[in-house]
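Hi everyone, thanks for making time.

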Amino acid sequence: MTPGLYLTHKPVGATSFATVRAFQEEAQATRPGRRTALCHGGTLDPFAEGLLLMLVGPATHLFEHLHAAPKVYEARVEWGTEMDTGDLHGRPMHQGDATALTPEQLEAALRPFLGWTDQIPPATSAKKLGGEPAYRKAHRGEAVDLPPSRVYLHTARWLSHDLPRASILELTCRGGYYVRSLARDLGRALGCGAHLSTLKRTAIGPWKDPGPGARIEQHGRDLLPWTSTRALTDQDVGTLRQGQSIATTPLQPPDWRLPPGYPEPPGPVRGFHQGKLTFLLTPRDGALWPETELRGGV
């Protein structure tokens with residue numbers, strides 16, 4: 001299995017870790033007795049489907065830099081019932097009357113959630129309390145009181161309505177955003193309750209969901225394309241391996257532009273040597289310093 005970033009499709013019902021396990025089994029079959037570093041690039045709930053990023057080998061070092069990339073979702077919001085999980089598999093917590101909802105009301109209800117806001121994650125989220133994921137405590141019946149997180153919603157628009165039953169929402173957000181929480185909070189703001197019945201992640205940055213059964217490899221300039229690039233000479237590589245800095249120039253602009261108005265991630269500068277992503281570099285004091293070496297390149 002070649003080191004790199006893989007675009008995969010997670011189906012409804014499967015866990016994100018099931019995809020990691022499948023990659024582990026494939027790696028063991030192709031490289032018996034050798035361990036391959038693997039991780040996914042952001043969890044999708046079992047009821048959700050869509051794009052799941054898999055990081056293999058040195059590409060696992062890119063994980064922290066994927067959080068700030070824009071993520072696009074399509075969700076079906078069911079009106080009239082709030083669930084304790086925020087999705088269709090939960091227990092009803094509140095039921096209300098949605099018969100008076102109008103498209104104009106729903107459009108207005110979205111506006112306060114745009115931009116940076118404080119959001120309380122679902123009790124069944126992977127957020128940790130006392131070192132343990134909240135969902136484990138919730139599944140044991142323990143009280144879960146999560147503090148709000150600072151999150152960012154870039155755009156949100158209704159694609160269609162089937163009122164008073166449900167509406168289809170498309171949104172673009174930063175990593176760490178809970179669409180289940182948005183549905184819950186919309187239902188509370190409108191007084192009728194709401195939850196998600198479907199959720200699909202269609203894109204992360206420039207990467208699109210490849211669809212069921214498909215897999216696409218990404219290497220080199222296709223990795224973290226929203227960050228700047230610095231070509232590295234043999235001498236630069238030697239200097240960086242000694243923990244020393246190199247000149248900032250010549251710096252090349254990103255290969256992919258973020259959506260207009262989207263917060264610029266504080267991401268690294270990509271250092272390329274012989275066509276491979278070899279270093280993640282940190283700009284500091286007018287120079288570029290080694291942050292992480294991706295041994296062997298990606």
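Let's begin with burial: of the 298 residues in this protein chain, 51% are buried, where buried means under 20% relative accessible area, exposed means over 50%, and partly exposed is in between, using a 1.4 Å probe and protein chains only. Before going on, a word on where this comes from: it's a predicted model, so local features need pLDDT of at least 70 and side-chain atom pairs count only at pLDDT 80 or more, while totals for chains, interfaces and linings use all residues. Residues are numbered from 1 along each chain as its sequence is written, and side-chain values use heavy atoms, with hydrogens and water left out.

Now the overall build. The chain has 6 helices and 20 strands; these are DSSP runs numbered from the N terminus, H or I with at least four residues for helices, E with at least two for strands. Its radius of gyration is 21 Å, close to the 19 Å from the globule rule for 298 residues, so the chain is as compact as a globular protein of that length. That radius is taken over C-alpha atoms, and the rule is 2.2 Å times the number of residues to the power 0.38. Along the principal axes, the C-alpha atoms fill a box of roughly 70 × 45 × 35 Å.

What about contacts, meaning heavy atoms within 4.5 Å? Take the contacts with a separation of 6 or more: 68% of them are between residues 24 or more positions apart.

The accessible surface is about 14300 Å², and carbon and sulfur atoms account for 50% of it; that's the Shrake-Rupley method with a 1.4 Å probe.

How many disulfides does a search of the whole structure find? The count is 0, with a disulfide being a pair of cysteine sulfur atoms within 2.5 Å. Look at C39: the closest cysteine sulfur is in C173, 19 Å away, and that is too far for a bond. C173 itself is buried, at 1% relative accessible area.

Next, find W226, in the loop between β14 (215-218) and β15 (229-231). Is W226 buried or exposed? Buried, with a relative accessible area of 4%. Leaving aside neighbours within four places in sequence, W226 touches a list of residues including H65, L66, W207, W256 and P265. F272 is 46 residues from W226 in sequence, and their C-alpha atoms are 15 Å apart in space.

While you're in that loop between β14 and β15, spot L224 too. Its phi is near 45°, a positive value in a residue other than glycine. L224 is buried, with a relative accessible area of 0%.

D285 also has a positive phi, near 55°, and is not a glycine either. You'll find D285 in the loop between β19 (276-284) and β20 (287-293). This residue counts as exposed, at 73% relative accessibility.

Last stop, the cis peptide bonds. One joins L163 and P164, with omega about 5°, and P164 lies in the loop between β10 (149-162) and β11 (166-173). Another joins T249 and P250, with omega about 0°. P250 is in the loop between β16 (246-247) and β17 (251-252).

Note on methods
Contact means heavy atoms within 4.5 Å.
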